[in-house]
Amino acid sequence: MNNFLVIGLGSMGKRRINCLLSLGISANCIYGMDKRSDRCEEAKEKYGINIVADEAEIDFAQIKAVIVSLPPDKHILGVELALKHEKPVFVEASVVLEDVQAICKSNTKNVFVAPSCTFVYHPMIKEIKRIVSSQMLGKVCNFSYHSGQYLPDWHPWEGIKEFYVSNRLTGGAREIVAYELTWMADVFGFPVDMKGYFRKTSALDCDIEDSYVSVIDYGDMLGTLIVDVVGRYAVRNLVINFERGQIQWRWDKAQLEVFDSESGKWTFISQPEQQHVKGYNENIGENMYIEEIDSFLRGIENPSLYVNTIEKDIKVLKLLEKLENSDGGFNR
C-alpha cells in the first residue's frame, strides 16, 4: 500500500506529481487520472507514471493516499472518492464554501483531509511568522498587503476561458483572497471581522470580479488586503508595523527587510534559493509546494503535523463571505 493517486492532471496535478518524485516516490507508485486524454498522455510521457481511466481501474487496497488537483468547483468529487475508500486525501486551495462544508459533514470516518496551505511554507512567510510570534519587535499594530498578477499571465499557454479562473464562483481574484487569508490566519490568527469591496474594473474577457479591497479587524490590530488580477507587473508587497519596528517584504526582491527602532537599523534576511518551473512567474518557487506535500505525507501518520484543517478552511471562506456580504453579497 505505497501507491498514490493524483486526480486531475492539469497544471497543479503535474506539479504535485513532481512534488512526489522530488520526495523520492517512484513513478511506478504514482497513478494519475483525468478526463482529458491529452493531459493523461502528457503526464505519462513526462513523468512515466501510471494512468487510469476511472475508479473501476484502481485497486484502492494498494493506494496509500489521494491528491485532488481538480478545479475548485470539482474538488468535492475527488475528495468524496477518497473518503469513500477511507484514504487520506490532500486537496488544492478551496474557494467554494458549500462544498468544503459538505466534505466536512460527509467525513464520518474521520479520514485525514489536508487542505492546501502552500504559502505557509514560503521561506519568507515562515520568517515573518517567526518574528511575529517572538514579539521581538513588540506586538503587531497594523499591516498592509497587496497581492496581484495579471490573469492571462497565470497560464500563458492557455486562454483564461479554458480553465476555472474565468468562472465567477472560482474566479482568479476570489480564489486568491482565500489563498492569502490562509497564510495570514496562520501568522496573525483569525480576525473578528472583514469588510470591503469587490468589482470588475477591467476589460478582461470573462465575467468575474477582478479586484478585491478589504479591511481586516483583529480587535487589537488592523490589516488591509488588496487582491487583483489586473496588475501587469506581478506583486506581493507586505508592510507590517510593530510597536518597535517594521517589516517590509516584496516577493520580487527575495529578501525580508526588518527595521528595529531601538537600534535604528535595518537588517536584511535573504531568501534561500528556490527551484523554478518555466512558464510560471519567476518569483514562484517550487520548494514550498514540495514541503507542503512532504508535510502531508508526514501527516498521514500523524495528522497533527499538518498545519491546516478543513475546519480552518471553512473559517477562511466565511471571511471571504463576510467581505462579499459587506458589499451587497456575491449574488448581488
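W249 is in contact (heavy atoms within 4.5 Å) with F119, H122, M124, I125, I128, Y145, R236, N237, L238, Q255 and L256, leaving aside its neighbours within four places in sequence. The model is predicted: local features need pLDDT of at least 70, side-chain atom pairs count only at pLDDT 80 or more, and totals for chains, interfaces and linings use all residues. Residues are numbered from 1 along each chain as its sequence is written, and side-chain values use heavy atoms, with hydrogens and water left out.

**Nonpolar core**

- W249 also belongs to the largest nonpolar core, which holds 110 residues.
- Such a core is a set of buried Ala, Val, Leu, Ile, Met, Phe, Trp, Tyr and Cys residues joined through side-chain atoms within 4.5 Å.
- The members that touch the most others are W183, M184, F188, W249 and F296.
- Helix α6 (residues 172-188) supplies the largest share of this core, 10 residues.
- Helices (H or I, at least four residues) and strands (E, at least two) are DSSP runs, numbered from the N terminus.
- In soluble globular proteins, nonpolar side chains tend to be buried together.

**E180 in helix α6**

- Helix α6 also contains E180.
- E180 counts as buried because its relative accessibility is 0%.
- Buried means under 20% relative accessible area, exposed over 50%, and partly exposed in between (1.4 Å probe, protein chains only).
- Not counting residues up to four places away in sequence, E180 touches F119, Y145, S147, L225, V227 and R236.

**The mixed sheet**

- An open sheet of 8 strands runs in the order β8-β9-β10-β7-β11-β12-β13-β14, with mixed pairing.
- Its edge strands, β8 (193-199) and β14 (265-270), each pair on one side only.
- Neighbouring strands here are turned by 10° against each other on average, direction ignored.
- Helix α8 (residues 310-326) packs on this sheet and touches β8 and β9 (211-217).
- The direction of α8 makes about 60° with that of β8.
- Two strands pair if DSSP finds at least two bridges between them.
- Strands β11 (residues 235-242) and β12 (residues 245-250) run antiparallel and are joined by 6 bridges.
- L238 has W249 as its bridge partner in β12.
- Strands β7 (residues 140-148) and β10 (residues 222-228) run parallel, with 7 bridges.
- F143 has G223 as its bridge partner in β10.
- Strands β9 and β10 run antiparallel, also with 7 bridges.
- V213 stands opposite I226 in β10.
- The hairpin of β9 and β10 has 4 residues between the strands, and its G219 takes a positive phi near 90°.

**The parallel sheet**

- A further open sheet has 6 strands in the order β3-β2-β1-β4-β5-β6, with parallel pairing.
- Strands β3 (50-51) and β6 (113-115) stand at the edges with a single partner strand each, so one side of each is left without a neighbour in the sheet.
- Strand β1 (residues 3-7) pairs with β2 (residues 30-33) in the parallel sense over 4 bridges.
- F4 has I30 as its bridge partner in β2.

**Helices α6 and α8**

- The axes of α6 and α8 lie 9 Å apart, and the helices pack at an angle of about 130°.
- Axes are lines fitted to C-alpha atoms, for helices over the stretch in contact, and angles run from 0 to 180 degrees between N-to-C directions.
- That angle makes α6 oblique to α8.
- Angles under 35 degrees count as roughly parallel, over 145 as roughly antiparallel, 65 to 115 as roughly perpendicular and the rest as oblique.
- From α6, the contact is made by R174, V177, A178, L181 and T182.
- From α8, V316, L317, L319, L320, L323 and E324 take part.
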